[in-house]
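Colleague: Could you take me through one part of this structure, step by step? Here is what I have open.

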Amino acid sequence: MTATVTSMAGKSTARYRTMTWVWRAVAVLFAAVTVFPVYWMVQSAFEPNSEITSLTPSFFPLHFTLHDFVDAIDHTAGVGTAYFWDDARNSLFVVGTAVIVTLVFSFMAAAAISRFRLVGTTAFLVMILVVQMVPGTAMLIPVYLLLNGLHLTDTYLGLILAYSASTLPFTVWALKGFVRGVPIELEEAAMVDGASRLGAFFRILLPLVLPGLISSGIFAFITAWNDFVVANVFMTENFRQTLPVWLYSFSTNTGTDYGGLMAGCTIMSLPVVIFFLIVQRRIVSGLTAGAVTG
Amino acid sequence: MKRRLIAPTAIALAVAAGVSGGVMPATASASGGALTVWLMTGDSVPAVYNSVNAAFQKEYPGWTVNVEIQQWSGISAKVISALAGSTPPDVMELGNTDVAEFAASGGLLNLSSDKSQFQNSSDWLTGLEGPAEYQGGLYAVPELAGDRVVVYNKAMFAAAGITHTPTSLSELLGDGAVLKNVFKNRADFSAFYLPGEEWYAAMPFVWAEGGQIAVEKGGKWYGDLESRQSLIGLQEYQAFQNFMSTPASQDVNEANPSDSQIFASGKAAMYIDGTWTLGTDVSDNKAMTGNIGTFALPGVTAGSQAPVFLGGSDLGIAKNSPNQAEALAWVKLYAGTANQLLQASKIGFIPNASNLVSQVKVSGNIATYFKAASVSQFTPPVPGWATVEADNVMQDLFAQVAEGKVPVSTIAKVYDQKLDNLLNAQ
Amino acid sequence: MAAPTLPNLAPTRTQRLVPTPPSEVRHNQTKGNWRRTARRQLLPLLLVLPALGLLGFMTLYPLGRLIATSFQNLGAFQLIQHKVQWNGLANYRSLFTSTELGTSVLQTFVFVTACVGLTMTIGTGVALLLRRIGNVLRIVVSVCMVLAWAMPTSASSVIWTWLFEQEYGVANDLLTQLGFHFTDHNWFGSEISAYSIIVANIVWGAVPFVAFMMYSSFTLVPRDLYEAAAIDGASPAATFRGVTMPIVRPIFVLMTVLSIIWDANVFNQVWYLTEGNAQMLNVIPLGVWQYIEAFSNNEYGLGAAVAVITILLLLAVTGYYIRIMVRTGQVKAAART
């Protein structure tokens, strides 16, 4: 739906317009505050190390340099060769796959439990919520143990499974809520017209819950993309690791290369932002409003 | 968790661990195999380990060595799980404050009978060897060391008319007084910037008086802060810190705000820093080039040196390693004279034996670090020490002493109690 | 063609406005028809199976192991030597008799309330804001939020520490320039002050997610309902309460429950700011305590017990809402038979 409800009887246009400007100002302030730490990170990435840790911080790089970025990408950290591109590729592959798996599995599950009375639904739902309650660090030991027994450690598959499993609970619950918000009559109408149940799911329901899928997808992507703990444990070979592990190599026993760290973080944020920009329009599909026909 | 770690992490680790990526099943050396070695980030460079690998491959043709660089974050638990698993890495680099914990766990190979086969083993630095010993057995081999000395601003010393570096603590205090006077108009000036939580720098004050953090009696460890010498040392530290450093520094650590930055910007005439960082921060600041001098923290009596806190690493071999003989050979090479000297010249780490320290050709500031390592101490080699570090007990202790809100004797009593509890936990 | 199952949704305000399809779509479901029930269950079962399988394998089994571990004495030695030492309730007993448990729970409670309260309020508010402003500004705000959300916690913790540094931080600098006396203010001097920074950091990172989820959920509300409400002369507040909230409530409750769960277990941000700062260890939320017991102290049994206690506590707190969330689906499904 478009952002502004068209003015209609009962709404004072002038007042509405004034308030819109007020809200716009609020939005700008909010955006500024929200993005300020990110801005700080990015501007640090263009400063030489001495300026980053200097005692008089400046809002803008005084000695603009691309050195930190070059350093970050060429960073070898004792491995002998730069492994940024390998780790970047690994991250994209593992996280991308995990997100797709999560969304597909959870859409199917959410549709099934919302549209059918399935035995064991309550147990299933409660169980996945309970699993969320476990402190993240605690679950890692048993999970690692399990995967190790199956020789899935230090493999991409193991990591994909781990990421999917950790983002699945939230996504199932969220999509359940979204599916419930879509009137079943729409699918019924399609089935009357000859569609199968499954067909109704994928052709009617899926597009309508797309905003939920996109939001959950971004959540799954960011969670998996930034994970260090799991990736660090499961992958030990430097060329099989993911970006967050690569990022930690800027902190050594003898100090931290802040310039490299900030540049590395900036680079890491790029795919997420690009992904978001591509899908952001879909967060508002605008299809529910007015799409309901008799 | 190590102080040096900058970013937090939850640690992952699981009990069983076939963690290494490229280990092949052990076979007789003739047909070749692969050795997996874990080295810590920042502690080695390809120039060094490749030369060791090359020498190893001459002894074991057909063998490859997979060096995997690990991050400090989460390494303790990662090593434990690896040791508990069926396919641990063959060789692991272990920080010397961590190694006691692994030695006691039974996961490392006992090397006592092989000790004589290692070059220079009779001269190994006590700060590296001590923590690797457990109940009479040797479980890891010294690999590299670093320490901390006083870094000073030559121009400031000249301006204050100080002609030679102090050789005793009281002389250092005297120099501090002169510096404070000369620079009294400079805002936030410290004659000697010493953050209260920098316990590596504070411990030497206790050691210089003959005190100890903890001592062992009959198999159990007891905090020793309440002993006469330790108390004197703590009081001297308090007086020194309060006199020489700004009040704001009492409860902060050396990273935040960065002590090297404070020094580089001229807000301090002296501070303590380690072998490794002498380069980066300070040399980034062009004004400081050529202006930096070093001296070891002096002891109480003239001409003596306060024992330095020796940091460093050891190399351990996993008990479950299928390639023990090969691992041993590799470690012998890494800890051997040739490599230790190479390591010193390439990376600047102090070699693992005192006789080697004098063989390294270093000059200028670096030489101070090397010389200071001959008088060193280390932390109690007991597994419970890992908890002491994780709980920031030492940082707390010295920050409180620096703040002086509570009498030193009371602080010592409280912390001895803590140490008694933590060190003996099993 | 298999008869579609149709849960008889109790008509809501939304659906009253939606014309119902022809009744021939509704089939009689007799209770005794086994084969039909089984076949009806087949499709949904197949749809759920992948998720169920993955979760059962990757989470149920490890969870079981974790619970078992809480009854063991598991340290580095036992781990490596593969010695399983059961110690019954000893871990739990030592936790319950320690003063730390009560303190940690209380501190966590206050901490979580602050984080969740702020996150949900600001998040929902921002979602509403997003609807109100123009397209361009909405994209700008969204991108800013995504940038904040996507920043790795390790980097954001470093930045936040820098920003609030006592002598050289930007925060003090700015505030002083604005006229307040904040020169050399020590944000990390007191626990309340330091935890305020931690809460701000967490809320800052969490708001984008809530905002996006709530914003997406607003799409479920048909536009004609808003038009109807406007015609009725309802104020924005009344519209939100009466039209929007009922429909988006499931998402809202879900986000609140999950925020409670996640914030109770939060680790990274708290750990970073307390790790090097000694005094801060007087305030230890549950998520950090679990880590300290398990990994710093290598007491995995104790750590597992803390984890189990945390789960039970969270169940107690959120149980009521979970029942509601689960039941709303069930009630409607049961109503049809």
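Which strands of chain B does helix 11 (residues 324-334) lie across, and at about what angle to strand 13 does it run?

Modeller: Happy to! This is a predicted model, in which local features need pLDDT of at least 70 and side-chain atom pairs pLDDT 80 or more, while totals for chains, interfaces and linings use all residues. Residues are numbered from 1 along each chain as its sequence is written, with chains lettered from A and ligands numbered from 1 in the order in which they are written.

Helix 11 of chain B lies across strand 1 (34-40), strand 2, strand 3 (91-95), strand 6 and strand 13, running at about 155 degrees to strand 13. Helices (H or I, at least four residues) and strands (E, at least two) are DSSP runs, numbered from the N terminus. Contact means C-beta atoms, placed from the backbone, within 7 Å; axes are lines fitted to C-alpha atoms, for helices over the stretch in contact, with angles from 0 to 180 degrees between N-to-C directions.

Those 5 strands form an open, mixed sheet in the order 2-1-3-13-6, with strand 2 (64-70) and strand 6 (140-146) at the edges. Two strands pair if DSSP finds at least two bridges between them. Strand 3 pairs with strand 1 in the parallel sense over 2 bridges, B:Val37 being partnered with B:Val91. Strands 3 and 13 run antiparallel, joined by 5 bridges, and B:Glu93 has B:Leu315 as its partner. Strand 13 (residues 311-317) also pairs with strand 6, antiparallel over 6 bridges; there B:Ala145 stands opposite B:Gly312.

Strand 3 of chain B is largely enclosed by the rest of the structure, because 5 of its 5 residues are buried (20 or more other C-beta atoms, placed from the backbone, within 10 Å of a residue's own).

Terms used:
Contact = placed C-beta atoms within 7 Å. Buried ≥ 20, exposed ≤ 12 C-beta atoms within 10 Å, placed from the backbone.
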